[in-house]
Each structure stands twice: as structure tokens, then as C-alpha cells.
Amino acid sequence: MDVPNITVTVPGKYATNTGNPRPFVIPALREWCGGKGSYTLPATPALVIDPRDTAALLPGVTVFKEDLQLLTGIQHISIRTGQPRKGDIFFSLQSTDPQLGKEGYQLEIAGDIRIQATHAQGAFWATRTLLQILEQDGQHRHIPQGITRDYPKYAVRGFVLDVGRKFFSMAFLRHYVKFMAYYKMNDFHIHLNDNAFEKFFGNNWDSTYSSFRLENNTFPNLTAKDGSYSKKAFIALQDLADSCAVKIIPEIDVPAHSLAFTKAVPQTASLLYGRDHLNLDSASYDMIDKVFREYLQGPEAVFKGDEIHIGTDEYSKKEAEKFRAFTDHYIRYVESFGKKVRMWGSLTHAQGTTPVKSAGVTMNAWYNGYADPADMMRQGYDLISTPDGWLYIVPAAGYYHDYLNIAKIYQQWEPNMIGEAVFPMGHPQIKGGSFAVWNDHAGNGITEKDVHDRVFPAMQVLAEKMWNGHTTQSDYQQFATNSRSIGEGPGLNMRAKITSKDTVALHYDFSNNQISDISGNSRAALEQHRVVISQKQTLVLQGGNSYVKTPLTEVGYPYSIEFDIKPDADNRPGAVIFSSPNAVVTLLQQETGKLGFSREGYHYHFNYTLPVGTWTHVKLTGNNKGTSLFINGQLTEKLEGAMRSFPNIKDKNAIIQTLVFPLQMIGDTVNAFKGEIDNLKVIQTR
């Protein structure tokens, strides 16, 4: 633990400020001794595993090979066992430095690269360091020579995602495993069930939104109909996480936040405290026992990992003794399957005499009024610092944070700070920290990409704060500048950032049949189907299956898209002008001719009708707040800041009308726009 006001200087093995400067990565390297010159990745790199460690290292080295191929474009990368030759990257778990711990590693970069660790997790983190350095090199080939010794300050570096009140696709979750791993964030807590607030649904529990996201055979009607995960897919997610040094922490949240359960088995609902509360009687125990058992029993259990989260939060304190008994039961029940337990706890809120097991149990400490952290540690609980006032994102809700205050977090916060309580650095019961996204306002139009826009900058900063804490090298302005050069990881680009020579990322003037890109970025059309370049050098789309495929899938915030358009008179309702797997821009189906867009099941339109048979200059701009339409140079309408009102209450919900603009196709394979388009320009503003 820290001892205040005592400075201890530990002499280093190497002289400081010699050789290559410390390369910038997130999180920053703990120790660095610079060499001279650079290591250059060979034309056909070899990844070499110490023969003594093949079984442990091969999964992570295989992931590294795939990432290296994606980043560098080099396809011929081999994996073999043996000793390294010049240019090879060598992996070994035979480090004689036990202080590296499970996640630390030593990396020696010279004519070859040698990774030494004591566990596969540490060796994998070394590969994330190499990839980040290569990402920042213009040719993705060079790494400055030197030696680093790197290890985390906190064991748990986590992120909580509420998939209960907003469905996130399995593709999104898999993306996030890789994204988190890129920043050495090792703990992905997935909140599998929840419900919205009854007041926004006419105070009617039957119509209040709720969901449980996992396939369930015991109670088939428990699983959400509007988006869920099969057991097979959830197991595969955990397999992916295992290969990327990330733990999946599945949470089943009971006995509050439990409307999905009480809708499936009505006799479990509390008649006193609302149907989002289980009644804590035998019917509830019977159901929840069966739910946990389905995922925990047997040699091929659905929940593969060693820790399970049981919820236990925000239940009415009038039933404190029953709540405490329920909590103790599920701690012991889950432990009976050989698992460790995490929970929210609420034991300060629910004070009583009924004992609740603490040994070996970890709490997410989020609000000190529910679970006072000092008292919880006295009782024997380990804590994960998850303070709501610092680390809760609730998109567009008007409370907590829409975007975290990352400058303040960088400069002031560490996991030893829980609410207003500050504990000594290195306290053995504070295992680390976690930040969270809660989608309280179900149905508000928020998309996966909107959530990701909020999470991305927070992930970068919190990775730094939970690996390094605050050090004498910490400099937020320098961090903020340098962090722009590091993305989500090889092959990942949910923010849809486009590299280009200047702000113009693509420009088609349709002056030739090949549809070349005159922006200078060499993004000529990839494919053309049932389209014509007219004598006046315009693109003619013919409706139905008619499209031009571009090299871009989409463009993220902030952007502007400009084009000239002349619709034919006989467009079908909902004719598609631009499309991608995630969104479409259309002539609105209900009111033919009005420009609109759809993404993730939400449909919006501008109150503007494109004139038929006439050229109109259209500009659409988008940012993280909304989408705007300009016609012939004039702002026509801004879809931003809309609010939804509800009967008999003052509360309002924001309506999110953002669009990550679809660019994979001009037109569509089924219901393409019919007419002409000219002078398409894609601008990603910076």
C-alpha cells in the first residue's frame, strides 16, 4: 500500500534517456530502454514458439498472425516451433522474472523480436503493443529497437454493456472482444437482462419493455423475441475471448430488474414492489435456480468462465432480510458449480441481520449509498471500482454522462477512488475498475454505432488509467493528440473512419464508364450492375436490381455527402438511393418522394420532397447529434434534438436521429432508385 509523503527511488538497470524514445502505445509502456535503429518486419515473417510452450501460446499467436495479416497486408506469415532466426518474432513462457505476474511481459526488439512472459496472457498483451506500434508506422513495417518490461497496475480492467434494454448483435460483441483486447482491457461484463421504466409505458407492466437475451430451454418464452443469442454463439464468443486474453462475465440480474422473468412466470412477480421485482418466495427460487442451472451444469456449460455475476441491486429495502437471504443463496448456489461470484450487492441499502457470504465474492462498487465500499471491504468483499458519477454512460438520457469526461478521468481518477471515498493505492481488496453503458431509455433510436462513438474515447483513457494509473509521465494533452493515431484494432472500424489525402474521401463525376475516383484516393467503383453512364456523363439507375458498388462501406461522423439527383416519376415506394449492411437512404415509403433513412429498425424522414424530372443539389451532413439536409445550398431541415413526450408525466426521452452514412452501394439489389445521379462527393470532416 502507499505510504504518504515518502519517496523511494529505485535505480534502474539501464541508463535513462538513451537510444530510441519510448514508443507511444495505449496503455503506455511501464518501462523502456531505447536501442538504436529499427526492427523491420521481413517480407515473409515467421512467428516462432518455444517448443516447451506450444499448447499455451498457439491460440494467441494464431490471433496475432491474423491481425498482422490484416494490418500489414502480408499474407505469407508462418508459425513454427524452435529457435528464432534473424527477423523472427519469438514467444516463450520461460521468463525467470516472476514479478511480471500473469499479465506482464518483457519485449526485446533488435534484429529479431523476443517476447518473454510467465503466462500466455502476458505474451498476448505483447502482441497488442507490437500491433499498435506498427499501426502508427506509415508502412506498417518498422518498430524502434529497445527493451520494454510491461505489466498492469490493476488486475481487473473492465467494461459493462447493458444488452438487456438495447440489443447488440453478436457481431458487435465479437468486435468488442477484439477492440478491448487491443487496449489490454481484460474484463467484458455483459448484462443479459433488464427492463425499461414503467412510467414511459403508460404505467403498464405488460407493455413495459423487458428482455432476457440468451436462449433458454427450460423457459422458452423467457428469451427475447427482438434479439437474442443462441447458446452456441455465446459459447463461441467466450472461445474468442479466451484466445484474446479477455474474460466474459455474464450477468443474470435478479431479484430487481427482473421483469423479463416475471412475464415468463407470472407467479414470481412481487405484488408489493412492482413486477420488475421477484417476490422472493419459493416460485422465484425455483425459477432462478433452473435458469442458472441451465447455463452452469455439465462439462460443456454455457457459461465457460470462472466468474458469474448474479446482479442483486436496487431491490426494495423494506424486504432487506429476504433480499439478503436471496443473495446469500445465489452466491452459494453459483459457487456449487465451481464458479466465483460477482454482484452489485446493495448490502448497505439492505441492512439486516441475515448473513451474506463474503469470502471469495467480488462486488462492483457503483454507488456508496447502496454498498459503502469501506464497510464492504471490512465485511470481506473484494471490490471492482465502478463509480456511477465518474464512469456511467447513459446515452442521451440527460443524467449521468452522455460522453464521459475523459480529460477529468485521465487527470484525476484511478480505481482506488469509489464515489467520494479514496483508498490507499495498492489496497489488496480493490481489484481494478470498470466503466459501463446503461441503455435506460429503451427505444430512443440509439444505435450500436452511437454507443461505440461514446465508448471509444473512454476505452482509450480508461485502458491507460487501469494499466498505469497516474504517473509522472502522464500528460493529457499529449495523450489526446497521440491517441488519434490508434484505432480499434486490425480489421476493425466501427467508427467508419476513412483515410484520404484530404477531407474529400471519394468523388465520382461519372465522366467515364469505369466510374473512376477523381479525389486522388483511387477508390474507383468495384462493380456495376444494370446502370448506364448517360451521354451527359451522369449515372442512370434503373430501379429494382440496379447498383454501383464502391470500395467504401460507410462513413462515420462528422461527414457531408453531396450529390445532384434527378428522380424519375415512377419510383417505387422506399426506393433506395444509398445502401450498406447497416443503413439505407431512401425515397420514403409512406410519403413517396420524401428523403428518409433507416438503420437498426428506426425510420426517419425529412419534410422535403425531391421534385421529379428536375436536377436538385443535395447535401446531407451528419454528426453524433443528428443529421441535416441542405437543398441547393440552403439548410432545409435538421433532424436533431427531438424529444418524445409521455402522458401524465413531465419526463421526456430524446429521439436519436443520427446516421452513419451508407456507401457500399449507390442503388440496391431489390428496390433501387430510378433516375440520375451526378457529382457524388464524400467528405469526412475532421
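This is a predicted model: local features need pLDDT of at least 70, side-chain atom pairs count only at pLDDT 80 or more; totals for chains, interfaces and linings use all residues.
**Strands, domains and an annotated site**

Visitor: How many bridges join strand β16 to β20?

Guide: Strand β16, residues 382-385, runs parallel to β20.

Visitor: Which residue is the bridge partner of Ile-393 in β20?

Guide: Strand β17, residues 392-393, is also joined to β20, by 2 bridges. The two strands run parallel. In β20, Ile-393 has as its bridge partner Val-437.

Visitor: Which residue in β20 stands opposite Arg-157?

Guide: Strand β8 covers residues 156-162 and runs parallel to β20, with 6 bridges between them. Within β20, the residue that faces Arg-157 is Gly-433.

Visitor: How many residues of strand β20 are buried?

Guide: Strand β20 spans residues 430-437. Strand β20 is mostly covered, and of its 8 residues the number buried is 7.

Visitor: What separation lies between the centres of domain 1 and domain 3?

Guide: The domain assignment gives domain 1 as residues 31-150, domain 2 as 156-485 and domain 3 as 504-684. Taken over C-alpha atoms, the centres of domain 1 and domain 3 are separated by 44 Å.

Visitor: Which residue in β6 is the bridge partner of Glu-108?

Guide: Strand β5, residues 105-109, and strand β6, residues 113-117, run antiparallel and are joined by 5 bridges. In β6, the residue bridged to Glu-108 is Arg-114.

Visitor: How far apart do the end C-alpha atoms of residues 23-151 lie?

Guide: An unreviewed UniProt entry annotates residues 23-151 as "domain: Beta-hexosaminidase bacterial type N-terminal". The span is 28% helix and 32% strand. The C-alpha atoms at its ends are separated by 16 Å.

Visitor: Where does UniProt place the feature "active site"?

Guide: The residue in question lies in the loop between β13 (307-311) and α7 (320-335). Leaving aside neighbours within four places in sequence, its contacts are Ala-256, His-257, His-277, Ser-346, Trp-366 and Tyr-370. The unreviewed UniProt entry places the feature at Glu-314.

Visitor: What relative accessible area does Glu-314 have?

Guide: Residues under 20% are buried and those over 50% are exposed, with the partly exposed class in between. Glu-314 falls in that middle class because its relative accessible area is 31%.

Visitor: Is Val-8 buried or exposed?

Guide: Val-8 is placed in the segment before β1 (31-40). The C-alpha atoms of Val-8 and Gly-227, which are 219 residues apart along the chain, are separated by 55 Å. The relative accessibility of Val-8 is 66%, and the cut-off for the exposed class is over 50%. Val-8 therefore counts as exposed.

How values were computed: Residues are numbered from 1 along each chain as its sequence is written. Side-chain values use heavy atoms; hydrogens and water are left out. Buried means under 20% relative accessible area, exposed over 50%, partly exposed in between (1.4 Å probe, protein chains only). Helices (H or I, at least four residues) and strands (E, at least two) are DSSP runs, numbered from the N terminus. Two strands pair if DSSP finds at least two bridges between them. Domain bounds come from an automatic or database domain assignment. UniProt positions are given in the numbering used here, feature names are shortened, and annotations may be inferred rather than shown by experiment. Contact means heavy atoms within 4.5 Å.
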